[in-house]
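This report describes a protein complex, beginning with a single residue and moving on to the contact between its chains. Please consult the sequence and the structure alongside the text.

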Amino acid sequence: MKAKILKISGLLFLAMFLLNNVKAQEEQDLVQKCSVAAGADATYLKDFVVKLDAAGTDNRPPMYRQSLALRKNVTYRFSICNMEESEGEAVLRVYDQANMILSTWYPDSGKEFDKINFKCMKSGVYMVVISFKEGKKGEAIGILSYVSN
Amino acid sequence: MLKKVAYIIILILVFYSCKGPNNELNMPGYELASGDIQIPEEAMEDIIQNISSPIEMAALIKDLGLNFSDQYLSNLDLVDNYSSSFKMAYTLGMLGADLGYLNVYERTGSSVSYLAAINKLADGLKVSQFFDFNTIKRLATSNSNLDSLIFMSVHSFNEMDKHLQLTDRSNLSALMIAGVWIEGMFQVTQVSLSQKDPVLSEYIGEQKLILNNLLLILKNYERDDQFAAIIKDYEELKKSFSKVDITYEISDPEPVEQEDGMLMVVQQETSIISISDNVLSEIIEKTKTIRNKHQLL
């Protein structure tokens, strides 16, 4: 009996370990794919792997927030890729304190972009916010790249 | 019987690989000194995101059309002697900046020895699972896909840093980030000695903001003697940075749709960095002294 329990536990742990490794590798592949989609003139700097639930009863969509430092005289590229299984469509916005600087979706004009260049003229801390349209649940990857002048 | 042994081995391996954070702190030669962490972990992560990327400084240097020099790289001879995780984490950061510099300048052949040293340090810190040495080495030696090489290198560093934070080793993450920063600063300041460039001077001046953030993180661990020594040196550098003025002109950003349909947002609000030649020289000199001293710590 003891041997059986030991056997099952061992197999279970091994399966979990392998599953974790596979998941990590899959995630890295997706990040790399998204970074390639940012363009040949862009050098990968950071990624934002986002998985959010659907909006709750208060209808406020969950948001991913990450602050990051951007530097003067550098052109950055923000790009967003939705994962295949994602229900919602991701929107990436960048804020300088309370002011929105850019968005991959402008509902008023209906314009959408999967990547946007940002010519930074003020060194400082900015905020990247990623959410999903209509508060749907979803998974996406945001990429920050350096664009060569 | 053999099966039983095999299962026990598997269990040990799995437990070892999933080893908890507390175990990982007990590494040879370095333990975190007792004392309260003043900044919450989430805030720490936020601050760390605001420190230099191992490739950004190098990309900026190359964009300015400045030549490559191996004089700006760390000495690898000492790496074999490092046994404390403190030293390993700090050096890992420094070598990360060197690798970024080598990759950006496509000196991939020379980067192999740096890759080997990084792998050794990552192994010592138990984060080598995020550094796919063989793939990165293959990409470096085949010289065929620079984009993949840069992606793999930078992503590995991001993942190692994340893992250190997730496993309650933010102290080592802070050291790694500090290493990236001081080495990047050394490269940029040395380059600016050989070629005066206003963009470079501004870039150096604005590191005042980064250094303040960095000190905020490092001071969490100042009860530790080794951290205290680094903080003392960085405080010395901060004195020189206090003579750098940063002011802002406020205006709204301007979105412009480019010919290829991509949106370009040009920020109209600007930061103005005032740094005199004397202060610049002072920062260059202090950076060099600190970086060289820390290499030998």
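In which strand of chain A is the place of A:Ser145? The residue belongs to strand S10 of chain A. The model discussed here is a predicted one. With a relative accessible area of 1%, A:Ser145 falls under the 20% limit and is therefore buried. Leaving aside residues up to four places away in sequence, A:Ser145 touches A:Ala38, A:Ala42, A:Thr43, A:Tyr44, A:Leu45, A:Thr75, A:Tyr76 and A:Arg77.

**The interface between chains A and B**

The size of an interface is often given as the accessible area lost when the parts come together. Between chain A and chain B this buried area is about 4,500 Å², and carbon and sulfur atoms give 58% of it. Three residues, A:Tyr44, A:Arg71 and A:Tyr146, supply 14% of the area that chain A buries against chain B, more than any other three residues. In terms of contacts, 50 residues of chain A meet 52 residues of chain B.

Polar interactions also cross this interface. There are 22 residue pairs in polar contact between the two chains, both members being at pLDDT 80 or more. On the side of chain A that touches chain B, at least two residues each come from helix H1 (2-37) and from strands S1 (42-52), S2 (64-70), S3 (74-82), S5 (99-103), S8 (115-120), S9 (124-132) and S10 (138-147). H1(A) gives the most to this side, with 12 residues. By residue class, the side of chain A that touches chain B comprises 26 nonpolar, 13 polar and 11 charged residues.

The count of salt bridges between chain A and chain B is 4. In one of them, B:Glu202 is joined to A:Lys72, with the closest N and O atoms 2.9 Å apart. The chains are also linked through strands: 4 bridges join S8(A) to strand S3 (residues 263-266) of chain B, and the two strands run parallel. Within this pairing, A:Phe118 stands opposite B:Val265 of S3(B).

**Chain B**

Chain B has 13 helices and 4 strands. Of its 297 residues, 55% are buried. Among contacts in chain B with a separation of 6 or more, 76% are between residues 24 or more positions apart.

Helix H10 (residues 198-205) of chain B is largely enclosed by the rest of the structure, because 6 of its 8 residues are buried. These are B:Leu200, B:Ser201, B:Glu202, B:Tyr203, B:Ile204 and B:Gly205. At the start of H10(B), a side-chain oxygen of B:Asp197 comes to within 2.8 Å of the backbone nitrogen of B:Val199.

| Residue | Phi | Loop in chain B | Relative accessible area |
|---|---|---|---|
| B:Glu106 | about 60° | between H5 (85-104) and H6 (111-124) | 47% |
| B:Lys126 | about 60° | between H6 and H7 (133-142) | 27% |

B:Glu106 has a positive phi although it is not a glycine, and B:Lys126 likewise has a positive phi without being a glycine. Are these residues buried, exposed or partly exposed? B:Glu106 is partly exposed, and B:Lys126 also counts as partly exposed, because that class lies between the limits of 20% and 50%.

Note on methods:
Residues are numbered from 1 along each chain as its sequence is written. Chains are lettered from A and ligands numbered from 1 in the order in which they are written. This is a predicted model: local features need pLDDT of at least 70, side-chain atom pairs count only at pLDDT 80 or more; totals for chains, interfaces and linings use all residues. Side-chain values use heavy atoms; hydrogens and water are left out. Contact means heavy atoms within 4.5 Å. Buried area is the accessible area (1.4 Å probe) that two parts lose on being put together, summed over both. A salt bridge is a side-chain nitrogen of Lys or Arg within 4 Å of a carboxyl oxygen of Asp or Glu. A polar contact is a pair of N or O atoms within 3.5 Å; within protein, one must be able to donate a hydrogen and the other to accept it, and residues adjacent in sequence count only if both atoms are side-chain atoms. Ala, Val, Leu, Ile, Met, Phe, Trp, Tyr, Cys and Pro count as nonpolar, Asp, Glu, Lys and Arg as charged, and the others, Gly among them, as polar. Two strands pair if DSSP finds at least two bridges between them. Buried means under 20% relative accessible area, exposed over 50%, partly exposed in between (1.4 Å probe, protein chains only).
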